[in-house]
Amino acid sequence: MVTVTDELLTVPEVMARLKVGRTAVYDLIRTRRLPSLTIGRSRRIPADALRAFLASRLEEAA
């Protein structure tokens with residue numbers, strides 16, 4: 001759940017943190033592996049959602 005204190009990241013910021021392209025980020029959003037929300041015409045990803053995604057990927061890899 002998104003709280004008021006969550007940092008909201010843009011798609012380019014997520015791209016930079018994951019070192020992947022725009023299409024990869026939108027694929028993660030489309031397949032609901034990376035939660036996001038739309039504000040106006042902009043897509044935002046809560047920083048906590050990105051951290052949870054990375055943690056789950058690390059668990060899968062272990």
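User: Let me start with a strand pair. Which residue in E3 does Thr38 stand opposite?

Analyst: Thr38 stands opposite Arg43 in E3. Strands (E, at least two residues) and helices (H or I, at least four) are DSSP runs, numbered from the N terminus. This is a predicted model, in which local features need pLDDT of at least 70, side-chain atom pairs count only at pLDDT 80 or more, and totals for chains, interfaces and linings use all residues. Residues are numbered from 1 along each chain as its sequence is written, and side-chain values use heavy atoms, with hydrogens and water left out.

User: In what sense do E2 and E3 pair, and over how many bridges?

Analyst: Two strands pair if DSSP finds at least two bridges between them. E2 and E3 pair over three bridges, in the antiparallel sense. Leu37 is also placed in this pairing, opposite Arg44 in E3. The two strands form a hairpin with two residues between them. Gly40 sits in that turn, with a positive phi of about 65°.

User: What is the order of the strands in the sheet?

Analyst: The order is E1-E3-E2, in an open sheet of three strands with antiparallel pairing. E1 and E2 are the edge strands, as each pairs on one side only. On average, neighbouring strands are turned by 45° against each other, direction ignored. Three bridges join E1 to E3. Thr10 stands opposite Arg44 in E3.

User: Now the helices. Which residues of H1 are buried?

Analyst: Look at accessibility first. Buried means under 20% relative accessible area, exposed over 50%, and partly exposed in between, with a 1.4 Å probe and protein chains only. H1 covers residues 11-18, and its buried residues are Val11, Val14, Met15 and Leu18. Seen down the axis of H1, they fall within an arc of 105°, so they line one face of the helix. The arc is that of the directions from the helix axis to the C-beta atoms.

User: Why can residues that are spaced along a helix point the same way?

Analyst: An α-helix has 3.6 residues a turn, so residues three or four places apart point the same way.

User: What do the buried residues of H1 pack against?

Analyst: Contact means heavy atoms within 4.5 Å. The buried residues of H1 pack against strand E1 (8-10), helix H2 (22-30), strand E3 (42-46) and helix H3 (47-61). H1 lies across E1 and E3, and runs at about 85° to E1.

User: How do I describe two packed helices?

Analyst: Give the angle between their axes and the distance between the axes. Axes are lines fitted to C-alpha atoms, for helices over the stretch in contact, and angles run from 0 to 180 degrees between N-to-C directions. H1 and H2 pack at about 105°, with their axes 9 Å apart. That makes H1 roughly perpendicular to H2. The classes are roughly parallel under 35 degrees, roughly antiparallel over 145, roughly perpendicular from 65 to 115, and oblique for the rest.

User: Which residues of H1 and H2 meet?

Analyst: From H1 come Val11, Pro12, Val14, Met15 and Leu18. From H2 come Arg22, Val25, Tyr26, Leu28 and Ile29. The residues of this contact divide into nine nonpolar, no polar and one charged. Ala, Val, Leu, Ile, Met, Phe, Trp, Tyr, Cys and Pro count as nonpolar, Asp, Glu, Lys and Arg as charged, and the others, Gly among them, as polar.

User: Which residues of H2 are buried?

Analyst: Val25, Leu28 and Ile29 are buried. They cover an arc of only 100° around the axis, which puts them on the same side of H2. What covers them includes H1, E3 and H3. On the other side of H2, Thr23 and Arg30 are exposed.

User: Where is Lys19 found, and what is its phi?

Analyst: Lys19 is in the loop between H1 and H2. Its phi is near 55°, a positive value in a residue other than glycine. Lys19 counts as exposed, at 71% relative accessibility. Gly21 lies in the loop between H1 and H2, and is partly exposed at 37%.

User: What about Arg32: where does it lie, and is it buried or exposed?

Analyst: Arg32 lies in the loop between H2 and strand E2 (37-39). Arg32 counts as exposed, at 77% relative accessibility. Its phi is positive, about 65°, although Arg32 is not a glycine.
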